[in-house]
Amino acid sequence: MILVVLENQRGNIHAFSQEAVVAGQQLSEKLGLDLSILCLGENASSLRDQASDYKAKNLILAQHDIINTYSADGYSKALSQIVSELSPKYVLMGHSYMVRDFLPRVSAKLDIPFVSDIIAVEYDGDSPIFSRQVFNAKLATKVKTTSDTVLLSFQSAAFSSDDMQIGGSENQSDFSVNLEASDIKSDSEAEFQESASGVDLTTAELIVSVGRGIESQDNLPLVESLASAMGAEIASSRPVVDMGWLPPYRQIGSSGQAVSPKLYLSVGISGAIQHVVGMKGSKTIMAINKDEDAPIFEIADYAIIGDLMEIVPKLTEEIQK
Ligand SMILES: Cc1cc2nc3c(=O)[nH]c(=O)nc-3n(C[C@H](O)[C@H](O)[C@H](O)COP(=O)(O)OP(=O)(O)OC[C@H]3O[C@@H](n4cnc5c(N)ncnc54)[C@H](O)[C@@H]3O)c2cc1C
C-alpha cells in the first residue's frame, strides 16, 4: 500500500498535499500498489469531503479530540499507530513546515527511514529512485531504499496538482487512534504563516520578483506598479531582502520560500542556483534582464533582453490599458 497523508491548511487541503497525492497516484500505478489517502487530525472530516473526488483505493479518516489541533506529539503518535497497523510500503506527504516538525519523530519512533524534500522520482525497473538536493542545492543525490516502510516528503512543485487523477475512492473507512492527554508533552504555537501580513506566496498565481538589477529602493515602485497592474504578489531575490528593501517573507530561494505560480516574472534577477531552486516549479517563467547570458534565461520560457528601467514602465502602461 501507498499511504498519502493530507495536511490541513486553513480549512483546505494543503497545496503540497495535493501534489503528494499526484505523486502517490503515479507511484501506485508504476508499482502496482493500492493507494490510500489518510485525512488525519485537524479538520479531517472536511478534508475527506474535499478529497472524495481523488482517484484512490481507500479514503481513511483518523480523528481524535487530542489531535483536533495540531501537535507534533499527537500527530507523530497517531501516525505511528496507523503506519504500524497498515504497514504501507511508502508514506507520502508534502515537505511543509508541519511535516518537518513531526515526521522525523515518526521515523525515530518506528525506526524507519525518512527521505525528505524529494524533487523527482525515477525508476530502475520496479524500484523507485528519489532525487534530493544537498549542499545548499548545489548537488543532487539519488536515494534507493530497501526498508519495508519508508517515509517520503516532496518539495513543492516536484509534482503538479494539474495532474491529479479524479475518480473517487472505492472504500471509505475510519481508523481509531489511541491517544491520551498525557501523550502531549509540548504545546505547539499558533500555525506558522509565511507572512505576518497574511501574504502567502506559496499559493499566489502570479508573482513579480525583483532582484539587485533594480539598483535602489527608490526604484521599487516601478515593479510594485507592475505587480499591482497584473494583480500579482511581489517577491524578490535575497540581496533585495538583505538590503532591507523588502521583508524576509518575500524572499524566494533555498533560504527563502519555494513557489510554483502560473506566472513568475523575474525582473533584474541573474538566476543563481540558490534563487532558481525556489521558483523553478513555476508553470511559466518570464525574465527581464539586460545581460543576454544571464543564467535565468536558461530556464525562462520568455526572455526579454533589455533595461528594466525602460521595459517595466512600458509593460505596466500596456497592462493598465
Ligand atoms: C547559503 C546561500 C543561500 C542563498 N539563498 C538565496 C535565496 O534563498 N534566494 C536568493 O535569491 N539568493 C540566495 N543566495 C544568493 C545567491 O547566490 C545570489 O547571490 C542571488 O540570488 C543574486 O541575486 P540577484 O539575481 O538579485 O542579483 P545579481 O546576481 O547581482 O543579479 C542582478 C541581475 O540584474 C541584471 N540587471 C542589472 N541591471 C539591470 C537593468 N537595468 N535591467 C535589466 N537587468 C539588469 C544583471 O544583468 C544581473 O543578471 C544565497 C547564497 C548563499 C551562499
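1. Strand E6 (residues 90-94) and strand E10 (residues 150-154) run parallel and are joined by five bridges. Strands, like helices, are DSSP runs numbered from the N terminus (strands E, at least two residues; helices H or I, at least four). Two strands count as paired if DSSP finds at least two bridges between them. Tyr 90 stands opposite Val 150 in E10.

2. This is a predicted model, in which local features need pLDDT of at least 70, side-chain atom pairs count only at pLDDT 80 or more, and totals for chains, interfaces and linings use all residues. Residues are numbered from 1 along each chain as its sequence is written.

3. E10 also pairs with E7 in the parallel sense, over three bridges. Here Phe 114 stands opposite Leu 151 in E10.

4. On E7 there is also an antiparallel pairing, with six bridges to strand E8 (residues 127-134). Ile 118 has Arg 132 in E8 as its bridge partner. Two residues lie between E7 and E8 in this hairpin, and Gly 125 in the turn has a positive phi of about 65°.

5. The open sheet has nine strands in the order E9-E8-E7-E10-E6-E1-E4-E5-E11, with mixed pairing. Strand E9 (139-143) and strand E11 (169-174) are at the edges, each with a single partner strand, so one side of each lacks a neighbour in the sheet. On average, neighbouring strands are turned by 35° against each other, direction ignored. Axes are lines fitted to C-alpha atoms, for helices over the stretch in contact, and angles run from 0 to 180 degrees between N-to-C directions.
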